[in-house]
Amino acid sequence: VGVRLVDGHIDWSTKVSGGIDSDARFDEARGQVFLGADDGSFYAVDAAGGRIRYTYAAKGAIERAAEVGGDAVYLASTSDRVIALDAATGKWRWQYERETPDGFTIHGYSAPALHGTQVLAGFADGYLVALQAATGEVVWAKSLAAASDQFVDVDTTPLVAGGTVFAASYSGGVYGLDE
């Protein structure tokens, strides 16, 4: 739904598949809004008129906000994948995934965070990973799991402040790592 801020008037409404749990992310450069759906659909919607510009079908629900950087958009899904798409066309560029651990994991997952030329993301196996934004190649991967083998998930979206990358794992607590 496109709502005019000054008076709350609904300018447009667009039907999409699946429920929408993700935050919408505005792409000012292209005048579009990105949002994900519970059925794995990822949408780029024209902000002015509500027309769907493209849809990408991902494996797993997309419940977290996408990250826009340069000419790419980065998204994560509940299947422990980070995907990079061309922001204008939706064309697939790369994806990175980690194997989900056996047994139970905590409900939730990390959204990707863009920092310079890297995309940071946490995973259910307890790892925080830095990927090259352009290629998806691993720059570094660090386990944040405590001594426990259970509930090691890194479900927080990483935050970078003052040269430190902050993230948390369910079993290990909050970490601050040199970027």
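Is Asp 11 buried, exposed or partly exposed, and at what relative accessibility? At 42% relative accessibility, Asp 11 counts as partly exposed (buried means under 20% relative accessible area, exposed over 50%, partly exposed in between, using a 1.4 Å probe and protein chains only).

## About the model

This is a predicted model, where local features need pLDDT of at least 70, side-chain atom pairs count only at pLDDT 80 or more, and totals for chains, interfaces and linings use all residues. Residues are numbered from 1 along each chain as its sequence is written, and side-chain values use heavy atoms, with hydrogens and water left out.

## Salt bridges

Searching the whole structure turns up eight salt bridges (a side-chain nitrogen of Lys or Arg within 4 Å of a carboxyl oxygen of Asp or Glu). One of them joins Arg 4 to Asp 7, with 3.0 Å between the closest N and O atoms. Arg 4 also meets Asp 11 in a salt bridge, at 3.7 Å from N to O. Arg 4 itself is partly exposed, at 34% relative accessibility.

Asp 46 and Arg 53 make another salt bridge, at 2.5 Å from N to O. Asp 46 is buried, at 14%, while Arg 53 is partly exposed, at 29%. Back at Arg 4, salt bridges with shared partners tie Arg 4, Asp 7 and Asp 11 into one network.

## Aromatic rings

The whole structure has three aromatic pairs (rings of Phe, Tyr and Trp, the last by its six-membered ring, with centres within 6.5 Å; planes under 30 degrees apart are stacked, over 60 edge-to-face, the rest tilted). Phe 34 and Phe 42 have ring centres 5.6 Å apart and planes at 15°, so they count as stacked. Both Phe 34 and Phe 42 are buried.

Tyr 96 and Phe 123 also have ring centres 5.6 Å apart, but their planes sit at 70°, so this pair is edge-to-face. The pair links distant parts of the chain, 27 residues apart: Tyr 96 is in strand β10 (residues 92–97), and Phe 123 is in the loop between β12 (118–122) and β13 (127–132). Strands are DSSP runs of E, at least two residues, numbered from the N terminus. Tyr 96 is buried at 13%, and Phe 123 is buried at 2%.

## Around Asp 86

Asp 86 lies in strand β9 (residues 81–86) and is buried, at 17% relative accessibility. Leaving out residues up to four places away in sequence, Asp 86 touches Tyr 54, Asp 71, Lys 91 and Arg 93 (contact means heavy atoms within 4.5 Å).

Note on methods
Helices (H or I, at least four residues) and strands (E, at least two) are DSSP runs, numbered from the N terminus.
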